[in-house]
Amino acid sequence: MTAVSPSSGLRRDDPAGAATDGAGPAVALDRVTRVFGVSPALVRVDLRIERGETVFLRGANGAGKSTLLRVMATLLSPTYGSGRVLGFDLMAEREEIRSRTEFVGHRTRLYEDLTAAENLRFACRLYGLRTDGAPAALERVGLNDVAGERVRGFSQGMRQRVAVARALLRSPELLLLDEPYAGLDTAARDAVDDLIRATVARGGTAIVATHERARARMTTRTLFMQDGRLLPEGVDA
Amino acid sequence: MSVLLEARAIAAKDLRIEVRGRYALAAVLPFAATLLIVFGLALGPGRATLQTTAPALLWLAVLFASVLSFRRSYEAETEDGALEGLALAPIDRAAIFLGKAAAVTVQLLLLEAAVLALVAVLFGLSVGSDPALLICAFVLGTMGLSAVGSLFGVLEASPRAREAVFPLLVLPLAVPVLLAGVKATAAATVADTGAAAVTTRSGWSWLLLLVAFDAVFIAAGTLVFGYLLED
């Protein structure tokens with residue numbers, strides 16, 4: 001890919017570009033708390049993740065993993081506390097963070113009545129990328145045969161692979177994955193692994209919320225959450 | 001990428017989805033047609049009554065059809081969380097508002113052409129008296145409705161807002177559009193309806209209200225849409 005980042009001006013195929021924007025660690029959170037109504041989903045989370053790390057977030061359902069990822073992706077604002085992602089302030093510099101981050105959540109954010117290729121081309125237009133990268137991205141996740149078919153008829157695994165292909169288009173500096181392996185077959189799981197490896201190989205950072213123990217070999221650290229709190233490192237929930 | 005190019009990409013995507021889903025053709029148009037036929041039957045066979053009430057019924061059908069179209073426009077964004085994708089994209093928030101408003105405007109104008117033809121047949125309304133005034137009234141009125149619907153349609157992401165808040169916000173705000181639209185449409189068909197008090201000149205003056213309404217809500221949507229979209 002040779003497109004230019006709309007905000008940074010860096011070439012997307014520049015291997016050094018992934019780690020040269022902003023300053024400081026990939027993620028630095030200071031007592032971040034998020035409350036929904038009266039229920040705290042995150043409680044005074046302090047977190048520092050260096051660039052180039054692959055960090056797995058683990059914990060029971062409702063432990064706060066998804067909320068933490070969504071705060072880092074700037075989809076949710078902290079109720080209290082502050083933080084910086086890729087050197088940019090979570091609240092004041094959302095656009096800078098968004099242009100450098102890819103978040104793949106439970107939902108794949110695809111348009112049901114568009115084809116896989118059309119979904120990817122639309123993503124290219126939103127991110128100011130050349131649309132001719134879409135076929136190659138679909139080929140990397142093994143979906144080039146169904147590129148012209150509507151997403152409505154796809155299985156969950158196929159949808160997840162399209163979402164992975166969309167992430168491959170951009171070469172993000174920070175990859176945030178929320179339960180990316182859930183319900184996927186082997187080929188789709190391998191596609192997720194490839195995405196993580198490709199991001200880290202470029203100097204980027206991957207943070208993955210997952211229950212998968214088998215993939216622990218990919219990580220530099222595993223963090224555990226319980227009741228909205230990040231447990232001290234080395235403590236298993 | 002400029003705001004207009006981003007808005008064009010979003011509008012093109014919405015129109016493509018609409019063409020694929022054929023929602024307007026399958027649901028909105030039959031709804032509007034049924035509404036008009038029922039009113040026509042309720043009012044009886046008196047041609048003068050039908051012609052006098054036709055502009056109001058026409059705009060009522062357009063209003064209800066537009067609410068369905070706004071909902072459909074945002075349903076596509078919430079089916080699989082696509083609205084999150086738009087929120088995370090490094091694009092101007094105004095582009096999302098403008099793109100969605102433009103797509104709904106195009107859909108509604110096509111729908112209105114069909115509904116207008118239906119009214120002309122069922123109610124005997126002549127659309128040839130002042131076609132320029134009629135076209136301006138529908139284009140400006142539709143732009144206004146689309147601006148209001150696209151601005152508050154983002155609340156569709158919330159299930160509670162979908163059922164309660166959205167109609168409460170949109171329907172009262174649409175009243176000026178309905179009033180001006182009905183008056184201008186009546187003026188555009190004055191020669192055939194015989195409504196002597198309504199002149200073509202007064203019809204053009206009602207368009208000023210539509211222009212002002214459009215300017216206010218397009219500007220408001222451009223400025224505040226981002227705040228509605230963000231957490």
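I began with strand 3 (residues 54–58) of chain A and strand 8 (residues 205–209) of chain A in this predicted model. I found 4 bridges joining the two strands, which run parallel.

Next I asked myself: what is the strand order of the open sheet in chain A? I read 6-7-8-3-9-10 for its 6 strands, and the pairing is mixed. Strand 6 (101–104) and strand 10 (229–230) of chain A are the edge strands, each pairing on one side only. A reminder to myself: strands of a sheet pair through backbone hydrogen bonds, either parallel or antiparallel.

Helix 7 (residues 186–201) of chain A lies across strand 3, strand 7 (174–178) and strand 8 of chain A. I noted its angle to strand 8 of chain A as about 150°.

I moved on to the contact between the chains. Chain A gives 24 residues to the contact and chain B gives 20 residues. On the side of chain A that touches chain B, the elements giving two or more residues are helix 3 (94–98) and helix 4 (116–126) of chain A.

Chain B came next. I counted 10 helices and 0 strands in chain B. The C-alpha trace of chain B spans about 55 × 35 × 30 Å along its principal axes. I compared its radius of gyration, 18 Å, with the value near 17 Å that a compact globule of 231 residues would have, and the two agree.

My last question: how do helix 8 (residues 175–188) of chain B and helix 10 (residues 200–229) of chain B cross? Their axes come within 8 Å and cross at roughly 155°. Angles over 145 degrees count as roughly antiparallel, so I wrote down helix 8 and helix 10 of chain B as roughly antiparallel to each other. The crossing of these two helices of chain B is left-handed.

I listed the residues that meet there. Helix 8 of chain B brings residues including B:P176, B:V177 and B:K183, while helix 10 of chain B brings B:W206, B:L207 and B:F213 among them. By class, this helix contact has 11 nonpolar, 3 polar and 1 charged residues.

Note on methods. Residues numbered from 1 in each chain as written. Chains lettered and ligands numbered in written order. Predicted model: local features only at pLDDT ≥ 70, side-chain atom pairs only at ≥ 80, totals over all residues. Axes fitted to C-alpha atoms, helices over the stretch in contact; angles between N-to-C directions. Parallel < 35°, antiparallel > 145°, perpendicular 65-115°, else oblique. Left-handed = near helix turned anticlockwise from the far one by under 90°. Contact = placed C-beta atoms within 7 Å. Nonpolar A, V, L, I, M, F, W, Y, C, P; charged D, E, K, R; others polar. Pairing = 2+ DSSP bridges. Rg over C-alpha atoms; globule rule 2.2 N^0.38 Å.
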